[in-house]
Amino acid sequence: MPENRIMLDVLKGKTASPPPLWMMRQAGRYLPEYRETRKRAGSFLDLCYNPDLAVEVTLQPIERFGFDASILFSDILVVPHALGRDVRFEEGRGPLLTPISAAEISALDGETFHVNLEPVYEAVRRLRAKLPGGTTLIGFCGAPWTVATYMIAGHGTPDQAPARLFAYREPAAFSRLLKVLADHSAAYLIRQIEAGADVVQIFDSWSGVLDEASFELFCVKPVAEIVRQVRAVHPDVPIIGFPKGAGDHYRSYRRKTGVTGLGLDWTVPLTAARELQQDGAVQGNLDPLRLVAGGKALAEGVEAILKALGNGPLIFNLGHGITPETPLAHVEQMVKLVRSAS
């Protein structure tokens with residue numbers, strides 16, 4: 001493993017100045033070259049499952065901005081899709097699925113799971129061969145709770161009420177669903193690592209809508225199981241957990257799941273982030289709208305994070321994904337601000 005993959009050093013607890021930098025959703029609609037590739041791909045899932053095009057769009061932000069890490073271009077919903085559920089993406093509506101019933105959970109078909117996902121693994125293999133030697137390659141999956149919310153509601157909702165109600169009314173069935181998703185997500189991450197991923201990240205985008213007991217059952221326990229299974233095969237590969245909106249649960253989440261690095265959303269106070277950093281690397285947590293605004297708002301946001309967290313293990317990132325309306329010049333400004341830190 002090349003010594004100059006700076007992000008791996010930080011995940012081991014080292015401090016780097018300037019810190020390594022990448023952005024969630026860095027391969028996406030804010031890039032004109034991505035939009036051109038997307039037109040050629042057909043559907044969004046066709047883009048995810050076409051290794052040539054998936055590699056192309058994954059490399060685009062690396063070629064333009066020279067980020068320290070590259071995250072595989074895919075989607076968290078390829079896991080239910082590979083399990084036999086219908087998944088489609090409609091412009092302006094996002095992902096759409098046929099809502100799963102309690103009776104259908106036992107019929108989820110994992111027999112061809114890895115066969116269905118082979119184009120993703122091929123994309124990872126090609127990326128590791130094409131990326132600069134110092135660039136960390138990140139694989140990922142969605143956390144079982146977040147993936148389950150889409151499977152149950154059939155689409156995104158403001159507070160994931162359909163999934164919460166399902167979990168309360170059908171606890172046994174919901175527990176089975178989380179187990180199926182945890183087992184297959186772990187297997188998915190293991191295959192990504194075997195294909196060349198240096199780090200894997202688990203996205204729990206909807207952890208912030210749960211009460212304390214549900215957070216423990218639906219977020220912490222399934223992610224802890226994924227970490228356990230991945231570590232059993234690849235004990236030295238870092239795992240980043242991103243429980244968006246976890247608030248006061250962040251510290252217990254890291255301790256109970258065993259993740260290496262902790263992704264922080266932009267609402268986490270920097271004083272709290274500094275305390276969390278005492279237990280290991282943190283990632284984040286610039287408000288994506290500061291990046292849209294640019295100028296003084298961006299400069300102040302970057303400066304505050306670097307001042308609070310720059311003397312410890314920090315991976316600079318946004319507190320959620322970059323938004324499509326973000327000007328390229330503002331990304332360039334952010335990169336310059338972070339890279340000039342010392």
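His320 counts as buried, because its relative accessibility is 18%, under the 20% cut-off. The model is predicted. His320 sits in the loop between E9 and H16. The UniProt annotation "binding site", from an unreviewed entry, includes His320.

**Annotated binding site**
- Besides His320, the UniProt record lists Arg25, Gln26, Ala27, Gly28, Arg29, Asp75, Tyr150 and Ser205.
- These positions span 296 residues of sequence and lie up to 22.7 Å apart between C-alpha atoms.
- The lining of the largest pocket includes Arg25, Gln26, Ala27, Gly28, Arg29, Asp75, Tyr150, Ser205 and His320.

**Contacts of His320 and Lys244**
- Beyond four places in sequence, His320 touches Met24, Arg25, Ser205, Phe242, Lys244, Trp266 and Pro288.
- Lys244 lies in the loop between strand E6 (239–243) and helix H12 (250–257).

**Gln26**
- Gln26 belongs to the loop between helix H1 (6–11) and H2.
- Gln26 counts as buried, because its relative accessibility is 1%.
- Outside four places in sequence, its contacts include Leu31, Pro61, Phe67, Ile71 and Ile322.

**Helix H16**
- H16 (residues 328–339) has 12 residues and reaches 17 Å between its end C-alpha atoms, close to the expected 16 Å.
- Leu328, His330, Val331, Met334, Val335 and Val338 are buried in H16.
- They are on the same side of H16, because they cover an arc of only 160° around the axis.
- Among the elements covering these buried residues are helix H4 (51–65), helix H15 (295–309) and strand E9 (314–318).

How values were computed. Residues numbered from 1 in each chain as written. Predicted model: local features only at pLDDT ≥ 70, side-chain atom pairs only at ≥ 80, totals over all residues. Heavy atoms only, no water. Helix = DSSP H or I, 4+ residues; strand = E, 2+ residues; numbered from the N terminus. Expected span 1.5 Å × (residues − 1). Buried < 20%, exposed > 50% of the residue type's maximum accessible area, 1.4 Å probe, protein only. Arc of directions from axis to C-beta. Contact = heavy atoms within 4.5 Å. UniProt positions renumbered as here; feature names shortened; annotations may be inferred. 1 Å grid on protein atoms, 1.4 Å probe; cavity = no way out; pocket = protein on both sides within 12 Å on 5 of 7 lines; lining within 4 Å.
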